Amino acid sequence: MDALLTKTEEKKALTKQTISGSEVLLRCLVAEKVEHIFGYPGGAIMPVYDALYHYAEKLTHLLVRHEQGAIHAAQGYARVSGKTGVVLATSGPGATNLVTGLADALIDSTPVVCITGQVFAHLLGTDAFQETDVINTTLPVTKWNVQVTEAKDIAPAIAKAFYIAGSGRPGPVLVDITKNAQNELIEEFDYEACHAVRTYKPKPVLQVAQVEAAAALINQAKRPYILAGQGILLSGATQELIAFTEKTGIPVACTLLGLGAIPGDHPNYVGYLGMHGNYGPNLNTNECDVLIAIGMRFDDRVTGNVSKYAKQAKVIHIDIDKAEINKIIQPTVAVHADAKEALRALVAHCTKNAHAEWIASFRKLNALEFEKVVEKEIRNTASLKMAEVIYLLSQLTQGEAVVVTDVGQHQMVTSRYYQYKNPRTNITSGGAGTMGFALPAALGAKVAAPDKPVIAVIGDGGYQMTIQELGTIMQYKIPVKILVLNNNFLGMVRQWQQLFHGKRYSFTEMQNPDFVKIADAYGIPAAKVTEQKDLEAALKKMLAAPTSYFLEVVVEKEDNVFPMVPAGAGVAEVILELPK
């Protein structure tokens, strides 16, 4: 009998299939329903790329031109789709080239899983070729990271990575896999997705008492005011926000990353918050009696000088991340909850109301802004201004396009003048302010939304930081539209130099190449506009192009963005025009 059992076990052993750690990884990605990977191969990740050769029908890999391009593309993909972006890179410089994007994704709450190759486990700590301690390097800029040195640990690490990246307040995760773990053979397995981590509680339980306390303040308020942040978009709570404002009649302003949380033409939407936000939303922050902050973190670009911020108001702060509550502004009522759940509960507990006179005060202030700023920018006859370009773009697309911006004056102008109608259509680098973000993020956004128009609006400075990703657009024929507003300056820095540094333009003027010729070299149709009379036709041609298209618009060289809350000033000290 014992001999018979031994033979049976031997037969079973012979029929068992073994697969490499690299294939384990790819099977995990397929099980997580990953469709697109943005990456760049190298020695330490080569076994994964060898296995990927056989997965062409299951996983689409896009070869970027720089690892920073890979993670920004994954961010654009994630922000538009709501899914987790995936990045592959090698060890050493391949991994360190991801750091800027990881920092950007962490502060802007973007779910990304980065998988990096690493040297053989026995070489760790020996300064082997292209070895970098990627775990300690990326610890401050990831939501979670881990190093895997054995093939058996790959699947649990990937499962945990996707769970952590996409749950609660989303963020970037990095999994570093040694080369021996990629090569090692293990028995086939059944993938188990991760649904819980013992010490990690991503979604707090909504406390009814907190909601009731918030509702009591709102129901008694005479001048309540909603600040809508990206948390509304991340939780899919746009309809709940609309229901809340329509029932209560409370005006809504959006943060930079919150744009699109409510349609720009909604009657209760009063504008854009922040350093270059609209006049009414900034001034009335210090006039409201109840401030309702939803899914926003009171960033310094919104608050200005905190000692002068909304001192008269009772504050309700709704956020899924407990670390953000009490961090900058001390709320009267804190609601530690998912935005969608909190808003649903608030709608039920709040009485129907209208605040027509209060909303009218925003309109009056914004009308003054129109007279002093907007009208001169969109109806200017002397020279091309950034504002008129974006204003016209918004009209031509009816606010329906996915607009990806870089960082600088063009970003602020787009935030002010593009009337976003839909959620997940405003893609920008907010907290980190990463120049070079827009071009790769736009190609990732287009991969995520092939049926939507995707337009990258970029300044001439940021464009040149990741201009090599034109090669990715060319190779994969990604029909993204690229609109460069060229003022031959690092415009935002120049504006500060003009206002606060005696017009000493220290190393901000740029001598730029022929952008049209560069686009042509990549096989991308291109045009250049220098006069107002040609602008509308050029924009229409760009939007109608079935392929990728590059349009350079030469704008006024020393154009400034107003209104502006100067550094160190309170939000009520916003200025509308150049000091005389």
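Q: Where is phenylalanine 298 found, and is this residue buried or exposed?
A: In this predicted model, phenylalanine 298 sits in the loop between β12 and α14 (300–303). Burial is read from the relative accessible area, where under 20% counts as buried. Phenylalanine 298 has a value of 1%, so the residue is buried.

Q: What is the phi of phenylalanine 298?
A: Phi is about 55°, a positive value, although the residue is not a glycine. Serine 109, also not a glycine, has a positive phi near 55°. Serine 109 belongs to the loop between α6 and β5 and is buried, with a relative accessible area of 5%.

Q: Which residues does threonine 110 touch?
A: A contact is read from heavy atoms within 4.5 Å. Leaving aside residues up to four places away in sequence, threonine 110 touches Gln75, Ala78, Arg79, Ala105, Pro170, Gly171 and Pro172. Threonine 110 lies in the loop between α6 (99–107) and β5 (112–118), and its relative accessible area of 0% makes it buried.

Q: How many cavities of 30 Å³ or more does a search of the whole structure find, and which residues line the largest cavity?
A: A cavity is a space where a probe fits but cannot get out. The search finds one of 30 Å³ or more, and the volume of the largest cavity is about 80 Å³. Its lining consists of Arg79, Gln230, Leu233, Leu234, Leu257, Arg424, Asn426 and Ile427. Arg79 is also among the residues touched by threonine 110.

Q: Which element gives the most to the lining of the largest cavity?
A: Helix α11 does, with three residues. Both α11 (230–234) and β16 (426–427) supply at least two residues each.

Q: How is the second largest pocket lined?
A: A pocket, in contrast to a cavity, is an open set of points. The second largest pocket holds about 580 Å³ of space. Its lining has 28 residues, and those nearest the centre are Gly264, Tyr269, Asn278, Arg416 and Gln419. Helix α16 has the largest share, six residues. At least two residues each come from β11 (269–272), α16 (356–378), α17 (386–397) and α18 (409–417). The lining divides into 14 nonpolar, 10 polar and four charged residues.

Q: Which residues of helix α15 are buried, and why are they placed on the same side?
A: In α15 (residues 339–349), the buried residues are Ala339, Ala342, Leu343, Ala345 and Leu346. They cover an arc of only 165° around the axis, and therefore lie on the same side of α15. Arg344 and Ala348 are exposed on the other side.

Q: What do the buried residues of α15 pack against, and which residue caps its N-terminal end?
A: The packing partners are α10 (208–220), α11, α12 (238–248), β12 (290–294), β13 (314–319) and β14 (333–336). The N-terminal cap of α15 is aspartate 338, with a side-chain oxygen 3.1 Å from the backbone nitrogen of lysine 340.

Q: Where is the cis peptide bond that involves proline 563?
A: A peptide bond is read from its omega angle. The cis bond joins phenylalanine 562 and proline 563, with omega about 0°. Proline 563 is in the segment after β20 (549–554).

Notes: Residues are numbered from 1 along each chain as its sequence is written. This is a predicted model: local features need pLDDT of at least 70, side-chain atom pairs count only at pLDDT 80 or more; totals for chains, interfaces and linings use all residues. Side-chain values use heavy atoms; hydrogens and water are left out. On a 1 Å grid over the protein atoms alone, a cavity is a set of points where a 1.4 Å probe fits but cannot get out, and a pocket is an open set with protein on both sides within 12 Å along at least five of seven lines; lining residues have an atom within 4 Å of a point. Grid points are joined across faces, edges and corners, and a volume is the space filled by probe spheres set on the points. Helices (H or I, at least four residues) and strands (E, at least two) are DSSP runs, numbered from the N terminus. Buried means under 20% relative accessible area, exposed over 50%, partly exposed in between (1.4 Å probe, protein chains only). The arc is that of the directions from the helix axis to the C-beta atoms. A polar contact is a pair of N or O atoms within 3.5 Å; within protein, one must be able to donate a hydrogen and the other to accept it, and residues adjacent in sequence count only if both atoms are side-chain atoms. Ala, Val, Leu, Ile, Met, Phe, Trp, Tyr, Cys and Pro count as nonpolar, Asp, Glu, Lys and Arg as charged, and the others, Gly among them, as polar.
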